[in-house]
Each structure stands twice: as structure tokens, then as C-alpha cells.
Amino acid sequence: MSGAALSLWLDGVGAASARRPALATDTTVDVAIIGAGYTGLWTAYYLLLADPALRIAVLEREYAGFGASGRNGGWCSALFAASWPRLARVGGRAGAVAQQRAMFDTVDEVGRVAAAEGIDIHFAKGGTLSVARTVTQEGRLRAEVAAAHGWGFADYRWLDAAAANERIATTGSRGALFTPHCASIQPGLLVRGLAEAVERRGVRIYEGTAALEIADRSVQTAGGRVTADVVVRATEAFTPELPGHRRTVVPVYSLVIATEPLPAAVWDEIGWARRETFTDGRHLLVYAQRTADGRIVFGGRGAPYHPGSRLSSRYDADPAVFARLRSAMVELWPATRDAAITHQWGGAVAIPRDWFSSVGLDRATGLAWAGGYVGDGVATANLAGRTLADLITGRDSDLVRLPWVGHRSRRWEPEPLRWLAINAGVRAMGSADAKEARTGRPARRAKLMNRLMGH
């Protein structure tokens, strides 16, 4: 995996070259964390706030931020993978509302801690604009606004085309759903800054240290065995590479491009002054942000799932997907047609069988976990870290009673069933968008695939 192309976010921060030493001997700590991404680092951070005397070791196969934490689209959003009705089936209506309000608060918590720790993550809480460009997209997005109001989230708003274009001028806009609960960030600076913040507090981060086997209260690595009262699995899309976890989540690749800094004349045409995060109402997801230095970062799904939940740096680049992303960007903003693309990268997101993120601790074995964020992990990982800290230290809090705590998703089907189903789903979503654009009517295949995949 070490051959992966660097994202815009990690380019220039020294992540790949200046590595921390690997574990070289057996060691004993209070908490061992596998994975130096957001989940693992936030967990270490909040554990030490709760108990500065804790001995904590973070084990990372590559380097801090190598995975999704250093490759994402830079959305610190309040999106939670499971829907509100799905949350309510687990924790009741009150639990679903509490989970969502905890996510709202988490966006601000990330910005607060970054500022307190002196980590400049280019935090800009401009909210999210989800633009409708067809009649069917408008119907879906208006229904989302109505649903949000029904759950008591009154700050979701529908903007007419003029109001939406005042924020971000997009071709074909019919209006947009707006939510204030999202910030654009520079995610590489966040993950690298967090690693330094926890090290200042005494956490030991061992890079180049793969977890070969996890057992009750211990982790075996090539350099030695780590014994701990609690072992936290914070491995997200890399989870299938751990023994016994091949079907826990599936890794699905998301690819991203970044333009050069755009001239003022382009921004005069597009707007985007508040640095809102951007998406639209299509089924096959796209996402974008305007960076602090005036680039567009534009990403999306559409890359294939690889059989056996395989992960490889080869899958981080797909010329056909990169070309489709650029085409989609230029279709939305024709003024970008001559912009140079300076960075292209990709990475895998972790999808549980029921699209339900979870966090938990088994006290009998000392094994804890968090993840399955389905691509919405920048903020969710912070909530996971705070929740794990409360679970591990035994603190009774509102967080440990949220409905995602202790949730167990069923395993994915064996191959080749999951390969066939997941890639059929990707193709169905893409063809559903094409059919809706052609006919102006909702595509039934998209709803069918969502039901079949458990979403």
C-alpha cells in the first residue's frame, strides 16, 4: 500500500518521508489503538483528557493519516451513515434525534479543538449546498427538507434557484437543500496535527507497525507483542485485512481530483465565497469544496469494488473515473474547463452491511472498535473518539447511550455474491442518473438497489 499517490492534503507535509520508528520490542500499555487515523488519534486525545496518566500506544502500518483521514474530500459534516428512521428502529425517535444532534455538535467540536491545539485546518463552516439540476432531483431534495423538519431539524432549508446561485452559481440549478452543519477543512493538517498533539501528551505512535493478530487484550506485530487492558480497532477500510474480519465491512473506492488555484475571474463567475461544501441530487455521489487557497477539490464514487475486499495502491487511480470527475466538474462550472488538475488520488471507504456506523467496547475481552463511516468519517470519528473515551474510562454520559453504541452489523455475503451485488449497485446508480435525466421521472432501480443493499 505504500506506493499510493499523495493527496493534495498530504503533499508537502512530510507524512510519507519523515516516519516515526516502528515497534521493536514487547510492551505493555493501558490502551493499544490500531490505526493512526482520525478515530485512533481522537480516541487517544480524549482518553488523555479524561486521565492524563494512561499509557497509550498507537500502532500504524504505514504513517499517521495514510488512510481515509488523509485522502477524503475535506467535509467535516454532520452526516451520519444510517438514516433517521433506521436509527429510530434501534434507539427510538428520541435516540435518533440525540444521535443527529450529537453530530451537529461534533462539527463545532472539531473546529474548537483544532483552534485550542493551534492546528490551522482552514476551518470554514459554510454549510452544505445540495443542488437540484433535474425535476426528479428537486423532488428528492425537497422531500429531504420536509423530512428534516418532521424530525425537528428546522435549519434545513430549501433555497430557490436564485438564492442557490447567489452562493454557488451552478449550471442548470433549480434550487438547493441547504444545511449549516458542515465545514470545509484541510484534512491532512488535521490528522498530522492530531498526531503531534497526542504525542505531546505522551502517546507513543509506532509507524510501519502492522497488526498481525488481535487477541483478547493483546496485539501481535512483527516487532513485538503489545499487551493492554483495552485494544481499540480503528482500522476502517483496512479492517478486512485483519484475521477474522474479511466480511466485517467492504472497502469501496472514492476518487478525487484537485485543480490548480483558480484566478479571481473564475471565482467572480462561480461565487462560492463562504466555502460551502457542494453536492447535487444525483444517485452516484459527487462532492466538492473550495479550498482556502482557491482550488476546487472534486470527488465522487463510481470506481469498482474489487473481489475479496482487496485493497491496493493500484486502485487509488482510475483514469476513466478521473476523466468522468473532470467532465462533471466542467459541466457544473464551465469556467473551470481550462483549469489544470494538479492532484489525483483515491482511497477506500468502509461500508457495513446495513450502512450503520458503530462504536463499542466488549469488557469481557477488552476489545473496542469504531468505524463503518461510509465516507462520512471526518466528524463521526471525533464523536467515536469521545464515546470510546467514555466507554473505556467508565464515564456515564449521554454519548454512551446513543443508538450507535454497541450496534453490530451483520457480515457481508461471501464472494462472489458481494462482488456481483456491489458492482451491480454502482452500475445501477449511474444508469439511474442517466434515465432520470432522459425521462424526467424517478428511477425505480435506485430505490430497489438501496433496499437490496440494506441502506
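Is Val374 buried or exposed? I took up this question first, working throughout from a predicted model. Val374 counts as buried, at 10% relative accessibility, because the cut-off for that class is under 20%.

Entry 1: I looked up Val374 in the loop between E18 and H8. Its phi is near 55 degrees, a positive value in a residue other than glycine. I then turned to Ser309, which lies in the loop between strand E15 (296-300) and helix H7 (319-332). Ser309 is not a glycine either, yet has a positive phi of about 55 degrees. I noted that Ser309 is buried, with a relative accessible area of 1%. I record both residues because most residues other than glycine have a negative phi.

**Entry 2: a cis peptide bond.** I checked the bond that joins Glu415 and Pro416 and found it to be cis, with omega at about 5 degrees. Pro416 is located in the loop between helix H8 (377-393) and helix H9 (417-439). I flagged this bond because most peptide bonds are trans.

Entry 3: I followed the pairing from E9 onwards. Strand E9 (residues 211-215) runs antiparallel to strand E10 (residues 218-221), and 4 bridges join them. Within this pair, I found Thr221 of E10 to be the bridge partner of Ala211. The two strands form a hairpin with 2 residues between them, and Arg217 in the turn has a positive phi of about 60 degrees.

I next examined the other partner of E10. Strand E11 (residues 224-233) pairs with E10 in the antiparallel sense, again over 4 bridges. Here Ser218 stands opposite Thr227 in E11. E10 and E11 also form a hairpin, with 2 residues between the strands.

**Entry 4: the second largest pocket.** I then listed the elements that give two or more residues to the lining: E9, E11, strand E17 (358-362) and strand E18 (367-371). The largest share, 5 residues, comes from E18. I sorted the lining residues by class and noted 10 nonpolar, 10 polar and 8 charged.

**Entry 5: cross-reference.** I noted that E18 links two of these entries: E18 contributes to the pocket lining, and the loop that holds Val374 lies between E18 and H8.

Conventions. Residues are numbered from 1 along each chain as its sequence is written. This is a predicted model: local features need pLDDT of at least 70, side-chain atom pairs count only at pLDDT 80 or more; totals for chains, interfaces and linings use all residues. Side-chain values use heavy atoms; hydrogens and water are left out. Two strands pair if DSSP finds at least two bridges between them. Ala, Val, Leu, Ile, Met, Phe, Trp, Tyr, Cys and Pro count as nonpolar, Asp, Glu, Lys and Arg as charged, and the others, Gly among them, as polar. Buried means under 20% relative accessible area, exposed over 50%, partly exposed in between (1.4 Å probe, protein chains only).
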